[in-house]
Amino acid sequence: MKICISSTVDSINGLADGRFGRCPFYAIYDDETKEYEFVENEGAKAAQGAGIKAAQIVVDKGVDVVITGNLGPNAIRVLQAGNIKIFKMLGDKVKEQVGYYNEGKLISIDKPGASHMGIGK
């Protein structure tokens with residue numbers, strides 16, 4: 001299983017990012033190898049459609065679970081179409097998120113976050 005965490009930097013000691021589409025990096029943890037791969041979020045640079053581009057990166061990486069803060073409606077649709085489960089991050093550090101997930105402490109996300117700015121705003 002692969003778990004993706006939105007991240008502010010390319011380090012497990014960095015802060016998890018509450019933004020999905022505009023976070024700088026994704027930390028992708030492979031449950032089999034117990035290793036992290038950091039992927040730059042090219043969607044963050046997009047003038048529009050960042051969530052869709054970011055979600056496609058995650059789908060293409062074969063991720064099973066996303067842990068983040070808030071997502072827009074388009075990103076959620078892409079992730080759900082890829083059968084990816086989405087959870088709300090807890091705490092601050094990237095390295096804490098997999099443990100929280102494995103302990104069942106994270107809450108599932110199934111609708112856009114309240115702080116999402118939306119298209120054209």
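Q: Let's start with helix 2. Which of its residues are buried?
A: A residue here counts as buried when its relative accessible area is under 20%. In this predicted model, A75, I76 and L79 are the buried residues of helix 2, which spans residues 73–81. Seen down the helix axis, these buried residues fall within an arc of 100°, so they line one face of helix 2.

Q: And which residues are exposed on the other side of helix 2?
A: For exposed, the relative accessible area must be over 50%. On that other side, R77 and A81 are exposed.

Q: What do the buried residues of helix 2 pack against?
A: Contact is read from heavy atoms within 4.5 Å. By that reading, the partners are helix 1 (50–60), strand 4 (65–68) and strand 5 (85–88).

Q: At what angle do helix 1 and helix 2 pack?
A: The angle is about 20°, and the axes lie 8 Å apart. Angles under 35 degrees count as roughly parallel, so helix 1 is roughly parallel to helix 2.

Q: Is the crossing of helix 1 and helix 2 left-handed or right-handed?
A: The crossing is right-handed.

Q: What comes after helix 2?
A: N83 follows helix 2, and its phi is positive, near 60°.

Note on methods:
Residues numbered from 1 in each chain as written. Predicted model: local features only at pLDDT ≥ 70, side-chain atom pairs only at ≥ 80, totals over all residues. Heavy atoms only, no water. Buried < 20%, exposed > 50% of the residue type's maximum accessible area, 1.4 Å probe, protein only. Helix = DSSP H or I, 4+ residues; strand = E, 2+ residues; numbered from the N terminus. Arc of directions from axis to C-beta. Axes fitted to C-alpha atoms, helices over the stretch in contact; angles between N-to-C directions. Parallel < 35°, antiparallel > 145°, perpendicular 65-115°, else oblique. Left-handed = near helix turned anticlockwise from the far one by under 90°.
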